[in-house]
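This briefing sets out selected features of the structure shown below. It is arranged by topic.

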Amino acid sequence: MKNKIYFLLIVSLFAFPRCRYSENSNGLKSNIWTKEQSRIWQEKNGWLRGCNFIPSTAINQLEMWQVETFDTVTINRELSWAKDIGMNCMRVYLHHVAWEIDQYGFKNRISRYLEIANRYNIKTVFVFFDDCWNPTYKAGKQPDPKPGIHNSGWIRDPGDLLFQDSTLTKILEIYVKDILTSFKDDKRILMWDLYNEPGMSGCGNKSYQLLQNVFKWAWEVRPSQPLTAGVWNNTLPTLNKFQIESSDVITYHTYKDPVEHKVTIDTLKLYGRPMICTEYMAREKNSLFSNIMPMLKKENIGAINWGLVSGKTNTIYAWEKAIPGGSEPELWFHDIFRSDGTPYDKEEIELIRSLTVSNN
């Protein structure tokens with residue numbers, strides 16, 4: 001009920017722009033899609049279902065994208081498993097450092113990834129910035145996983161460096177515009193997710209300026225794909241308001257049970273735009289394929305769970321429950337497959353296939 005009251009309050013505070021070019025409530029000249037444009041996009045793409053994807057051999061975004069560890073063999077193998085269970089999209093994180101040290105090579109690796117994904121008819125949601133997990137990072141060899149600890153090596157972007165280097169904002173602008181301009185008409189890209197969970201890790205409204213900036217930069221390029229930044233925390237009204245007001249397609253995260261998840265759906269529906277849940281499925285939280293995915297399909301809401309293959313990110317472990325020594329938990333938190341391709345739960349695989357088969 002608290003979530004519902006909160007979202008209804010936000011609804012009452014503002015209305016969506018009715019045309020493509022407008023000035024939003026923060027005085028920024030926005031360049032968002034009309035509702036009709038977003039509806040046409042949804043009809044073209046049908047029901048979206050997929051995973052947040054990083055190959056099992058990478059601990060974080062840099063290990064995925066740096067030339068020394070860009071693992072096309074694993075990417076190819078694991079995306080084939082996703083295709084086999086009917087997934088048609090993946091949400092994939094970028095990192096500005098991989099671009100900064102090797103701009104041409106980084107874009108070539110993005111193209112290579114897209115070639116592989118397209119082979120399996122999988123479209124991609126690319127994510128630019130992220131406020132989750134470790135605040136500092138460096139190029140080169142990445143740390144080994146800490147046994148039994150969820151996402152021990154995942155890194156923010158740009159993290160603490162944003163507040164330490166006054167030149168970084170300009171570098172980030174060039175980076176975002178370069179990537180968007182290079183791939184603005186690439187039909188293999190489903191959508192651009194400009195900022196994952198802004199305000200996370202105690203950042204709060206400190207993330208607001210970068211959130212506004214990344215939308216401004218993206219609007220100046222205005223790619224042919226939709227732009228979004230998902231709401232995830234009802235204690236961040238300033239950020240939430242801007243995210244919802246500025247997104248072509250509404251995205252959100254929730255690892256809540258079906259009852260609370262449905263409240264989120266019902267309130268976000270009021271905005272009249274297509275919706276995608278870009279993070280869900282935490283078995284310990286009763287956010288399951290069995291009780292969430294059918295609901296999302298019925299509502300024609302995209303369903304992108306966290307995790308495809310168990311690997312170096314250690315996301316089979318719960319956020320707050322480390323297992324010293326790294327033994328396998330009886331109940332996996334995230335992920336669908338083991339690294340050899342066998343499913344964690346065969347019944348889950350059968351359920352997923354039953355939901356996706358009629359949409360292939």
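Cys277 is buried, at a relative accessible area of 0%, where buried means under 20% relative accessible area, exposed over 50% and partly exposed in between, with a 1.4 Å probe and protein chains only. The model is a predicted one, in which local features need pLDDT of at least 70 and side-chain atom pairs count only at pLDDT 80 or more, whereas totals for chains, interfaces and linings use all residues. Residues are numbered from 1 along each chain as its sequence is written, and side-chain values use heavy atoms, with hydrogens and water left out.

**Cysteines**

- The whole structure contains 0 disulfides, a disulfide being a pair of cysteine sulfur atoms within 2.5 Å.
- Cys277 is in no disulfide, and the nearest cysteine sulfur, that of Cys89, lies 11 Å away.
- For Cys132 the closest cysteine sulfur is that of Cys203, at 9.0 Å, which is too far for a bond.
- Cys132 is also buried, with a relative accessible area of 8%.

**The sheet**

- Eight-strand order in the open sheet is β7-β6-β5-β4-β3-β10-β9-β8, with parallel pairing; helices (H or I, at least four residues) and strands (E, at least two) are DSSP runs numbered from the N terminus, and two strands pair if DSSP finds at least two bridges between them.
- The edges are held by β7 (227–228) and β8 (250–253); each has a single partner strand, so one side of each has no neighbour in the sheet.
- Helix α8 (residues 208–221) packs on the sheet and touches β5 (123–130), β6 (189–196) and β7, contact meaning heavy atoms within 4.5 Å.
- The direction of α8 makes about 150 degrees with that of β6; axes are lines fitted to C-alpha atoms, for helices over the stretch in contact, and angles run from 0 to 180 degrees between N-to-C directions.
- Strands β3 (residues 49–52) and β10 (residues 302–306) are paired in the parallel sense over 4 bridges, and Cys51 stands opposite Asn305 in β10.

**Strand β5 and its neighbours**

- Of the 8 residues of β5, 7 are buried, so the strand is largely enclosed by the rest of the structure.
- β5 runs parallel to β4 (residues 89–93), to which 5 bridges join it; Cys89 stands opposite Lys123 in β5.
- β5 and β6 are joined by 6 bridges and run parallel, with Tyr195 in β6 as the bridge partner of Phe129.
- A right-handed β-α-β unit is made by β5, α7 and β6; a crossover is right-handed if, with the strands pointing away from the viewer, the path from the first strand over the helix to the second runs clockwise.

**Helix α8**

- 11 of the 14 residues of α8 are buried, so the helix is largely enclosed by the rest of the structure.
- The buried residues include Tyr208, Trp217 and Trp219, and their cover includes β2 (29–31), α7 (168–183) and α9 (237–246).

**Backbone exceptions**

- Most residues other than glycine have a negative phi, and most peptide bonds are trans.
- Asn151, in the loop between β5 and α7, has a positive phi of about 45 degrees and is buried at 3% relative accessible area.
- Pro158, in the loop between β5 and α7, is joined to Asp157 by a cis peptide bond with omega of about 5 degrees.
- Glu197 lies in the loop between β6 and α8, has a positive phi of about 45 degrees and counts as buried at 8% relative accessibility.
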